[in-house]
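Please read the following report with the model open beside it, and look up each residue as it is named.

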Amino acid sequence: MSAIYLLHKPYRMLSQFTDRRDADATPRATLADVIDVPGIYAAGRLDYDSEGLLLLTDDGALIQRISDPRHKQPKTYRVQVEGDPDETALAALRQGVELRDGMTRPAKVRRLEASGLPQRTPPVDPKRHPVTTWLELTISEGRNRQVRRMTAHVGHPTLRLVRVAIGPWRLDGLAPGEWRRETLHAPRNTPRRSPRRQGGPR
């Protein structure tokens, strides 16, 4: 059996346990600020300015299965974009768009009435961005900053990005900085899951 840890990575936090920037620079928040389980590593990453679901484990083979693009784990994001995308823009995302590193695979896209997410600190500035729209996008590839590049390509830059699912794992029930442990490969009908939330911001 393998343990996997589901973490809600906060805004402006590195997806690693140490900040390798010059020691004279202002330190940035790292995973060590919110989870203290020894020997675990992130399976994949989220950008410093992105939020949401990050999976961690000490199982190297599991990390490979989760993060290897060949396995095409679908990833779902809730994205606050500038402006109000019309159906032409949404159709382009669904069909795939041409980026500098090639054509993207078709994405699943839907408009959201509300994000269902906690407020970010700091929030998107309504004076600078008076009109915004929430979208939910599901993609099956993991290019660098892909969702941000896709929405910018159709004329609606991403202002906030939160990953809410990776394959079967979901962010549900976790506030920023909180995490829970799950056990994989348990016998059928006897799932082993942490009975309660096990961590939070410190």
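## About the model

This is a predicted model, in which local features need pLDDT of at least 70, side-chain atom pairs count only at pLDDT 80 or more, and totals for chains, interfaces and linings use all residues. Residues are numbered from 1 along each chain as its sequence is written, and side-chain values use heavy atoms, with hydrogens and water left out.

## The nonpolar cores

A nonpolar core is a set of buried Ala, Val, Leu, Ile, Met, Phe, Trp, Tyr and Cys residues joined through side-chain atoms within 4.5 Å, where buried means under 20% relative accessible area, exposed over 50% and partly exposed in between, using a 1.4 Å probe and protein chains only. The largest core has 18 residues, and the members that touch the most others are Ile4, Leu6, Leu53, Leu55, Ile66, Trp169 and Leu171. Two or more residues of this core come from each of strand E1 (2-9), strand E3 (51-57), helix H1 (60-67) and strand E9; helices (H or I, at least four residues) and strands (E, at least two) are DSSP runs, numbered from the N terminus. A second, separate core of 17 residues has Leu90, Val109, Leu135 and Met150 among its members.

Contact means heavy atoms within 4.5 Å, and Leu55, leaving aside neighbours within four places in sequence, has contacts that include Ile4, Tyr41, Ile66 and Trp169.

In helix H3, the buried residues are Gln146, Val147, Arg148, Met150 and Thr151, and they pack against strand E4 (75-82), helix H2 (87-95), strand E5 (98-99), E8 and strand E9 (158-166). Just after H3, Gly155 takes a positive phi of about 90°.

Glu141 lies in the loop between strand E8 (132-139) and helix H3 (146-153), and Glu141 is buried, with a relative accessible area of 11%. Its side chain makes a polar contact of 3.1 Å with the side chain of Gln146, a polar contact being a pair of N or O atoms within 3.5 Å; within protein, one must be able to donate a hydrogen and the other to accept it, and residues adjacent in sequence count only if both atoms are side-chain atoms. A polar atom of the Glu141 side chain also lies 2.7 Å from the backbone nitrogen of Arg105.

## Glu178

Glu178 is found in the loop between strand E10 (169-170) and strand E11 (179-184), and Glu178 is buried, with a relative accessible area of 14%. The C-alpha atoms of Glu178 and Lys9 are separated by 8.0 Å, although these residues are 169 apart along the chain.
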